[in-house]
Protein chains: 4
Amino acid sequence: MNTFGRVFRISIFGESHGKNIGVTIDGCPPGTPLSEKDFLPWLERRKAGGKGTTPRKEDDMPLVVSGIFKGHTTGAPLTILFENKNTRPGDYSKLAGTPRPGHADFTAWKRFRGFNDPRGGGHFSGRLTLALVAAGAVAKKLLPWADISAGLISAGGSTDINAAVDNALREGDSIGGIVECRAGNLPAGLGEPFFDPVESLISHLAFAVPAIKGIEFGSGFMAGSMKGSEHNDTITDTGGRTATNHAGGINGGLTNGNDLIFRVAVKPTSSISKKQKTINIDSGKVEELIIGGRHDACIALRVPVVIEAITAIALADLKLTANAQGFQEVM
Amino acid sequence: MNTFGRVFRISIFGESHGKNIGVTIDGCPPGTPLSEKDFLPWLERRKAGGKGTTPRKEDDMPLVVSGIFKGHTTGAPLTILFENKNTRPGDYSKLAGTPRPGHADFTAWKRFRGFNDPRGGGHFSGRLTLALVAAGAVAKKLLPWADISAGLISAGGSTDINAAVDNALREGDSIGGIVECRAGNLPAGLGEPFFDPVESLISHLAFAVPAIKGIEFGSGFMAGSMKGSEHNDTITDTGGRTATNHAGGINGGLTNGNDLIFRVAVKPTSSISKKQKTINIDSGKVEELIIGGRHDACIALRVPVVIEAITAIALADLKLTANAQGFQEVM
Amino acid sequence: MNTFGRVFRISIFGESHGKNIGVTIDGCPPGTPLSEKDFLPWLERRKAGGKGTTPRKEDDMPLVVSGIFKGHTTGAPLTILFENKNTRPGDYSKLAGTPRPGHADFTAWKRFRGFNDPRGGGHFSGRLTLALVAAGAVAKKLLPWADISAGLISAGGSTDINAAVDNALREGDSIGGIVECRAGNLPAGLGEPFFDPVESLISHLAFAVPAIKGIEFGSGFMAGSMKGSEHNDTITDTGGRTATNHAGGINGGLTNGNDLIFRVAVKPTSSISKKQKTINIDSGKVEELIIGGRHDACIALRVPVVIEAITAIALADLKLTANAQGFQEVM
Amino acid sequence: MNTFGRVFRISIFGESHGKNIGVTIDGCPPGTPLSEKDFLPWLERRKAGGKGTTPRKEDDMPLVVSGIFKGHTTGAPLTILFENKNTRPGDYSKLAGTPRPGHADFTAWKRFRGFNDPRGGGHFSGRLTLALVAAGAVAKKLLPWADISAGLISAGGSTDINAAVDNALREGDSIGGIVECRAGNLPAGLGEPFFDPVESLISHLAFAVPAIKGIEFGSGFMAGSMKGSEHNDTITDTGGRTATNHAGGINGGLTNGNDLIFRVAVKPTSSISKKQKTINIDSGKVEELIIGGRHDACIALRVPVVIEAITAIALADLKLTANAQGFQEVM
């Protein structure tokens, strides 16, 4: 299922080494000012290039092929294409036979009966997050009042992220990390019981981002160790402001007007330079595996902008859904 | 949005103190043996009654009003009703005015402009999980090979759960907990990229369960502190069996044939006997609040069967979706 | 698929001779005044009892089990149940073996592999329109400005409907009819290109009504014989009023502010008193068939209120969807 | 809403004079042999060029940018792009101000608050059917056993279609037509009660095709004039074969194994060369209007292949949905 959302709907397509990655956004209200320039700061932040990120370089220029006229959204579907330029044909035929640990090689081969495109992970590649980020840039336009910001707060278990990355590079290894996201200045009341509380939409999207293995809102897993008298946030004014924010800005699945706060756990990149072992599916024998190609020593470095994007996508859909029922957001 | 699922779809309805709680299941294949008795062991496990759970007693007898004929599902929608018998009319009119900390009182009032049913939390009540559990019982029938089991592994930060509950009761307080779920004997290949990996469906449903504040798969948040060489699970046979299971049985969002493992964080019950403060929305003044009524000192005690149910629901939907595309599960 | 709608969503369940028929409406805005009384005029019009309708009598009292509080919708799902009281257990086991001409006996048996409930047509019964009519009553509440009215304009090829029905009764036969529906005082602009024009939603719902075999909007099939210069409706004022209405109030799939007009063709009731032939599926031999039980000589007589209901349902969903994108209806 | 389908899902995008028209198909089973060549016969039939069709020429070469690898579908989304080459920038700014009779100019302006792309009808253009036809070519691959064929059976009220078109061209006018479609060799049992009978899906898609104003299955509107004893089709063998086919191959919304037969009414092209009148929305005054540009005197000539495409799309979705529930088609 490559579509997400009820009123603000995004559909993504593409493979790592195919011709294009793209996204179609349907349900965007007409009259939203939008141009290709609006995507650039988002895309720039997602790009590789810094220490600990893949040497694969793509210019990632967005091409909007429908849905904009005279600088505004038209209300018709908005399709944004990106070209894959820096692909390496290479020989990926061996991949399914000797599945790389941590990757989708084995599982995709099972699910798609050997017909999936294995080149660079195909449709499972982190490159698809390009489409998410583009959709996030559009979603954010619908939430001009929201202040959404995510950052990497630890990597490889350390808050000295620079040193942790150096270490991983030196060892030919990779490291995971924790990304925290905050969204401020949200109206109270966004979220759709029973099945679409804010946490459900955000976590649904977060786990679609390759490498995410956990998510927690507010006090999160710490809440499992707390007492109600500690965890409950006291409401201090008629706007719903609370003295503490253990709830992470959400009660009953709805935003409560305080900062929405959550963290995601990013696993270490599965592709490492170190020698690994795997099974040869055909022969049943153990083989040694050296993963060549280009990869990110710490993919978590590139995750924050993706998390901001999915937050905007989830909130935009909830906002439009609530608007449909007469809800008017007040900040 | 009170419907979940693509092929195996569940729609729930009801309020804590309304006439009925219920669920309609659409898309269930015809010919599945099913009777009201099949629900009983699931419902029994969800019931209150033990130490640390609410004294509200309901017999929770399922009434199947459609979709079964001669002991089998017909392929038409299956609707299961439960009566709310042990309700207490009481005076809930004061609730919205003085929202209880940790509850949806304030946020629901905002979202539904004061028209929501506030009695016992209305549609936000944990009582709605009754419908989830009933749906889970049906879903599990479609996965006869699966071995799904969840348990409370800590409460209030302690593994001596009995003592932790005693403590909370003595203090008139509540405690949170951590529930772990394992699903064994799953086929490799369940999950729908890009937006419906296994983790996305399970987390989406998990956060619909009141009080859940975090979820992690496999190594989860620990993965943020690990290296790739540690986290990668080595494949050891052609069935995809791995030497370790840091991935929690999922690669690229698809089951890999190893045990699916995840944990959820349950916050402490928001209703406590201790005196609390809140704001009076109308006057803007701080008021003291004593929450009467019946509540669970440790709601996490009742969560495991709900987590098993949502796991079955997510896997049943993924199984049928994969079947639609020619996938045949092999365990 | 027993759910319809994007923002205003209805899910129906039940069988002709099961315990209950029902409908759950999700996405209804909070604060809409609604009580069980509001359903009565709609349900009364759908009831049998007049000449040419089945002698099966049901009181069809609606029981709202969720979603209403203090006389208003709450924003939570609204579930309405009806009891099947006047059922006749009888022996339906023979049905699948000797499928009745014109009925779903054979096709349901194929689709549901023999597990469908065959009693009175089971989930295929026209009795399910009870749920549609109840949903229509709620939908209409969201369109207070709309003036929706349908009527039977011919039966058995004659406009003297009374005589045509008498004839059919005398012959132990049944007759079809044509129902026309008009919806006035609609805002211009309802409809969702590309796949959800007004005609698509209405026709989708219309063909879900048992016995409907055709639908046409405005000039409809006559348009196939017309010239553009005849068919084009000249716009005569800035409100979009047109001199003629060959378009049936729709351009480009969107309402144009003129009366929405369409007609549906209703086939003659398949159950007739006359002797018929069919095949015995097991033996492969031709058998004579006498259909007992109760039936409508002219089911078209009971269709108008159902058509009004589906029109309201389609328009309510389109209205809320448009509202989500900032559209404000102006009549 | 620009997405259609439950399991076989299509999303279309593009405008008449924008950069691209395209479609994304999600849910297509992996392993279906497919190449760009497969689209050509379908696209060729849709092309303009013959008498009575627009002189706008487009080569309409399909560019598959994702979802195919080594000549087979991969199971990931399949996106097919077409370029709009033969566009004419021109001045369309006047359009909304003086809406063309029969077109969506006025209604789109209302719905999209003036932000829609008016050039050549924008997203409302018949050019979007290019995307439908491409999707139909893929859908048909999933139904190798089906024999789907549509043709124009009358135009401007005459079966001498050639003469009727000559006449229209001579008069600078346009004419409508009737298209009939037959689908043979279908399994019995396709269709999803209650809301997704075969007729509902086909009609939903048919009315998304610009200019369609009516649809009827089997005897269709004639059924309104018939008796049950005439209309009922007698089943003559255990495969469900019937002596007559008034039902058009459908009972209870499910295919019955006989030929699926339906007809659609196509209105005359709204753009004609004759002088017309309309209102100037800004001034409120009547103005004369001459529609320049390129148009089809009988758009119905180009409709048959589109109708075949939507039939294949509807049946493919129903087939996959049924497969999900264990249905195995047998022809």
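This is a predicted model: local features need pLDDT of at least 70, side-chain atom pairs count only at pLDDT 80 or more; totals for chains, interfaces and linings use all residues.
**Chain copies, their interfaces and selected residues**

Two copies of a chain are in general related by a rotation about an axis together with a shift along it. For chain B laid on chain A, the rotation is a turn of 180° and the shift along the axis is 0.0 Å, with an RMSD of 0.0 Å; that is the relation of a two-fold axis. The contact between these two chains involves 105 residues of chain B and 105 residues of chain A, and the area buried between them is about 8,000 Å², of which carbon and sulfur atoms give 62%. On the chain B side, the residues that lose the most area to chain A are Arg111(B), Phe194(B) and Phe195(B), which together account for 12% of what that side buries. Here too the copies meet through the same surface, because 100% of the interface residues of chain B are also interface residues in chain A.

When neighbours within four places in sequence are left aside, Arg111(A) is in contact with Gly189(B), Gly191(B), Glu192(B), Leu254(B), Thr321(B), Ala322(B), Gln325(B) and Phe327(B).

Over all chains, the structure holds 26 aromatic pairs. One of these is formed by Phe221(C) and Phe221(D), whose rings are edge-to-face, with 5.9 Å from centre to centre and 65° between the planes. Phe221(C) lies in the loop between strand S10 (212-217) and helix H6 (228-231) of chain C, and Phe221(D) lies in the loop between strand S10 (212-217) and helix H6 (228-231) of chain D, so the pair joins two chains. The two partners are both buried, Phe221(C) at 15% relative accessibility and Phe221(D) with a relative accessible area of 14%. A further edge-to-face pair is formed by Phe112(D) and Phe124(D), with 6.4 Å from centre to centre and 65° between the planes. Both of these residues lie in the loop between helix H2 (105-111) and helix H3 (129-141) of chain D, yet they are 12 residues apart, and the pair is one that links distant parts of the chain. Phe112(D) counts as buried at 5% relative accessibility, and Phe124(D) is likewise buried, with a relative accessible area of 16%.

Chain D also contains helix H7, which runs over residues 304-324 and so has 21 residues; its first and last C-alpha atoms are 31 Å apart, close to the 30 Å expected at 1.5 Å a residue. Because 21 of the 21 residues of H7(D) are buried, this helix is largely enclosed by the rest of the structure. Just after H7(D), Gly326(D) takes a positive phi of about 90°.

Leu78(B) provides an example from a strand, as this leucine is found in strand S7 of chain B, residues 78-83, and counts as buried at 1% relative accessibility. Apart from its neighbours within four places in sequence, Leu78(B) is in contact with a set of residues that includes Val23(B), Ile25(B), Leu34(B), Val64(B), Ile68(B) and Val138(B). By contrast, Pro55(B) is 23 residues from Leu78(B) in sequence, and the two are 31 Å apart in space, C-alpha to C-alpha.

Finally, a search of the whole structure for disulfides over all chains finds 0. In the case of Cys298(D), the closest cysteine sulfur is that of Cys181(D), at 17 Å from the sulfur of Cys298(D), which is too far for a bond. Cys298(D) counts as buried at 0% relative accessibility, and Cys28(B), another cysteine, is buried with a relative accessible area of 3%.

How values were computed
Residues are numbered from 1 along each chain as its sequence is written. Chains are lettered from A and ligands numbered from 1 in the order in which they are written. Side-chain values use heavy atoms; hydrogens and water are left out. Rings of Phe, Tyr and Trp (its six-membered ring) pair if their centres lie within 6.5 Å; planes under 30 degrees apart count as stacked, over 60 as edge-to-face and the rest as tilted. Helices (H or I, at least four residues) and strands (E, at least two) are DSSP runs, numbered from the N terminus. Buried means under 20% relative accessible area, exposed over 50%, partly exposed in between (1.4 Å probe, protein chains only). The expected span of a helix is 1.5 Å times one less than its number of residues. A disulfide is a pair of cysteine sulfur atoms within 2.5 Å. Copies are superposed by least squares on the C-alpha atoms of residues with pLDDT of at least 70 in both. Contact means heavy atoms within 4.5 Å. Buried area is the accessible area (1.4 Å probe) that two parts lose on being put together, summed over both.
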